[in-house]
Amino acid sequence: MIYDSVLGRSFSKQEQKKLGYWAFVACLFIALSFFTNFKPFLGPLSVLNLRLSMGEDEKLHLFSDTDSSLLIANETLGSSSSTVNDTSSSHEEEEIMRSSLIVNDTDSSHGESEIREIIMNSTSIDNATSRSQEVFKESHTRNMKTNDTSNSPPLVKEKDSYMVNNTNSSLPKATDAVVVTKNYTIEPQCTIMSRSDFCEIKGDIRIDGKSYTVFIVSSETDILTAENTSWSIRPYARKGDQAAMAAVREWTVKLVTDASDIPQCTQNHSVPAILFSAGGYAGNHFHAFTDVILPLFLTSRPYNGEVQLLITNGRPAWISKFKTIMKALSRYQLVSIDNSQDIHCYDSMTVGLKRRTNKELSVDPDPSSSPYSMNDFRKFLRSSYSLKKTMAAKIRNGSKKRPRLLIISRKRSRAFTNVGEIVTMAKRLGYRVATAEPDADVSGFAQIINSCDVVMGVHGAGLTNIVFLPENAVLVQVIPFGGTEWLSRTYFEEPAKGMNIRYLDYKIRVEESTLIQQYPADHVVLRDPSAIWKQGWFAVQSIYLRQQNVTLDVNRFRPTLVKALDLLHQ
């Protein structure tokens with residue numbers, strides 16, 4: 001009552017009413033100031049996740065903010081930059097966000113989209129008064145079966161998703177903001193396949209042939225890891241064969257942040273590059289195709305010639321032998337990169353070759369795995385060597401047309417000792433017969449074999465030339481004595497069927513092998529080949545593949561050539 005009497009004597013009723021309104025506004029202001037100043041000490045707000053729509057060349061960040069009410073979700077690679085700022089408090093308090101990153105990556109080479117999911121963890125800092133901004137820790141630890149397992153590159157498997165803990169490295173600190181541009185360098189995306197591993201790289205790439213190193217340089221030092229990261233790879237498509245891979249030069253792919261510490265570019269290139277090896281078993285004609293040329297076709301063909309090939313372990317004789325294929329795959333000069341005095345620089349490259357199947361001389365038939373087939377590869381070879389015949393002869397009843405038979409001869413081992421008898425018998429059946437032995441002139445032999453309808457020969461690398469045969473031709477593989485059936489089946493029977501080539505084989509008896517002239521009849525070599533196989537591959541190779549020639553029983557072999565004629569009638 002005393003307050004009412006004081007107010008009544010001091011103010012009129014109208015003035016008292018106005019004073020009440022202002023007192024109410026002052027109370028609201030005081031309450032608002034209280035909650036604003038004491039906000040950092042209040043309990044955390046509920047976790048909020050935000051999903052943004054994604055388009056091509058975009059990254060999506062999902063942030064769970066457990067330290068403040070601030071939610072940040074903006075990083076798009078397609079824009080020139082993206083800035084993260086925290087100015088929510090008067091003291092510029094800055095907090096670390098726990099985040100999940102989902103990447104939508106479009107494979108431009110094949111027109112296939114792959115989703116790679118990476119879960120990235122970073123450590124929160126509780127000091128709310130710190131004025132220095134801590135940023136995300138971002139290092140990719142991957143499990144990749146390469147020759148260097150201590151530091152493995154990011155793992156990508158087609159049509160799969162992977163969750164990877166980020167624990168190794170961090171982006172550098174920034175005082176105000178994290179700025180990410182579309183030109184920043186990322187770690188190599190490396191893919192594990194059945195018979196090969198390969199890494200696809202974009203950025204400032206410099207290749208030092210003297211140290212066998214592929215440097216990936218970033219001018220954006222605030223977005224790369226603090227420590228350099230490197231991986232090793234042998235760019236040859238026969239992973240798992242230790243003897244072969246031991247003969248392949250090892251290259252290092254290395255992320256660096258200080259360009260002054262590495263060689264400077266002496267040759268800049270505007271097209272992508274592919275680094276591959278012609279080591280391993282590539283000196284063998286069969287392995288040259290199954291381990292190098294076919295995987296190189298699958299890797300380089302999407303570029304339609306706009307790619308430069310870099311060869312390591314490239315012997316001059318090998319390069320000369322396959323120069324026609326190298327020129328057909330690339331419009332640019334082949335670079336023998338080993339010990340090169342130049343530093344070659346690219347914006348994009350692939351280290352290693354793509355081989356998606358365990359089968360020899362074959363392409364994975366699944367179109368989702370590769371846009372190319374074995375038929376595409378054979379068309380490419382016919383185009384490269386200007387081979388005219390696309391279909392084998394089809395013999396009709398009463399036709400005087402005589403199919404052409406090629407007998408692939410050998411001089412050193414697994415040679416026919418009675419070629420004359422075979423030729424005479426084949427001519428009597430109605431064949432036109434030619435004999436030839438493959439050599440370094442791949443183009444010349446490709447012309448010969450492409451002109452034929454039936455090819456016969458003892459199991460060996462020379463049969464690899466069936467890749468030049470026309471469609472629906474017939475291969476007759478003569479299987480030598482000594483338990484080599486699985487070799488013959490794996491290396492030529494199965495691949496022939498994948499090339500639309502009809503297949504026949506003829507397994508010789510011990511009496512048709514010249515080994516009976518070298519060993520007694522009761523010797524283990526003749527009596528029990530499986531015992532030799534138990535001694536290992538080198539024992540088998542030295543006896544059954546290098547010491548043996550073949551004297552065909554032409555009367556026993558005759559029905560096989562008759563069957564080949566029947567196939568040409570179909």
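Modeller: Let us start from one residue pair, bearing in mind throughout that this is a predicted model. Ser232 stands opposite Thr252 in strand S11, and this brings us to the pairing of strand S10 (residues 229-233) with S11, which run antiparallel and are joined by five bridges.

Biologist: Which strand runs parallel to S11?

Modeller: That is strand S9 (residues 213-217), which is joined to S11 (residues 251-256) by five bridges, and here Ile216 is the residue that stands opposite Leu255. When you look along such a strand, keep the general idea in mind that in a regular strand the side chains alternate between the two faces of the sheet.

Biologist: How many residues lie between S7 and S8 in their hairpin?

Modeller: There are four residues between S7 and S8 in that hairpin, and the two strands pair in the antiparallel sense over four bridges. Within the pairing, Cys190 stands opposite Cys199 in S8.

Biologist: Let us turn to charged pairs. How many salt bridges does a search of the whole structure find?

Modeller: The search finds 18 salt bridges, where the criterion is a side-chain nitrogen of Lys or Arg within 4 Å of a carboxyl oxygen of Asp or Glu. One of them joins Glu360 to Arg195, whose closest N and O atoms are 3.7 Å apart. Glu360 lies in the loop between strand S16 (343-351) and helix H7 (374-384), whereas Arg195 lies in the loop between strand S7 (189-192) and strand S8 (197-208), so the pair ties together parts that are 165 residues apart in sequence.

Biologist: Are Glu360 and Arg195 buried or exposed?

Modeller: Both Glu360 and Arg195 are buried. A second case is the salt bridge in which the side chains of Arg249 and Asp338 meet, at 2.5 Å from N to O. This pair also links distant parts of the chain, 89 residues apart, with Arg249 in the loop between helix H3 (242-246) and S11, and Asp338 in the loop between strand S15 (335-336) and S16. Asp338 is buried because its relative accessible area is 17%, while Arg249, at 25%, counts as partly exposed.

Biologist: Which residue forms a salt bridge with Glu512?

Modeller: Arg556 does so, with the closest N and O atoms 2.8 Å apart. Arg556 is in helix H14 and Glu512 in the loop between strand S21 (502-507) and helix H11 (524-527), so that the pair links parts of the chain 44 residues apart. The relative accessible area of Glu512 is 4%, which makes this residue buried, whereas Arg556, with 29%, is partly exposed. Salt bridges that share partners also join Arg195, Arg238, Asp241, Asp291, Arg355 and Glu360 into one network.

Biologist: How should I read a pocket, and which residues lie closest to the centre of the second largest pocket?

Modeller: Begin with the volume and then ask what lines the space. The second largest pocket holds about 1100 Å³ of space, and of the 39 residues that line it, the closest to its centre are Asn284, His287, Arg414, Gly460 and Ala461. Two or more lining residues are given by each of helix H4 (285-300), strand S19 (454-458), helix H10 (485-498) and helix H13 (537-545), and H10 gives the most, with five residues.

Biologist: Finally, which residues make the nonpolar surface patch of about 490 Å²?

Modeller: Trp22, Phe24, Val25 and Leu28 make it. Among them, Phe24 has its place in helix H2 (residues 13-37), and counts as exposed because its relative accessibility is 53%.

Technical notes:
Residues numbered from 1 in each chain as written. Predicted model: local features only at pLDDT ≥ 70, side-chain atom pairs only at ≥ 80, totals over all residues. Heavy atoms only, no water. Patch = residues over 30% accessible without salt bridge, like charges linked within 9 Å, V, L, I, M, F, W, Y side chains within 5 Å. Areas by Shrake-Rupley, 256 points an atom, 1.4 Å probe, with all protein chains shown as cover. Buried < 20%, exposed > 50% of the residue type's maximum accessible area, 1.4 Å probe, protein only. Pairing = 2+ DSSP bridges. 1 Å grid on protein atoms, 1.4 Å probe; cavity = no way out; pocket = protein on both sides within 12 Å on 5 of 7 lines; lining within 4 Å. Points joined across faces, edges and corners; volume = space filled by probe spheres on them.
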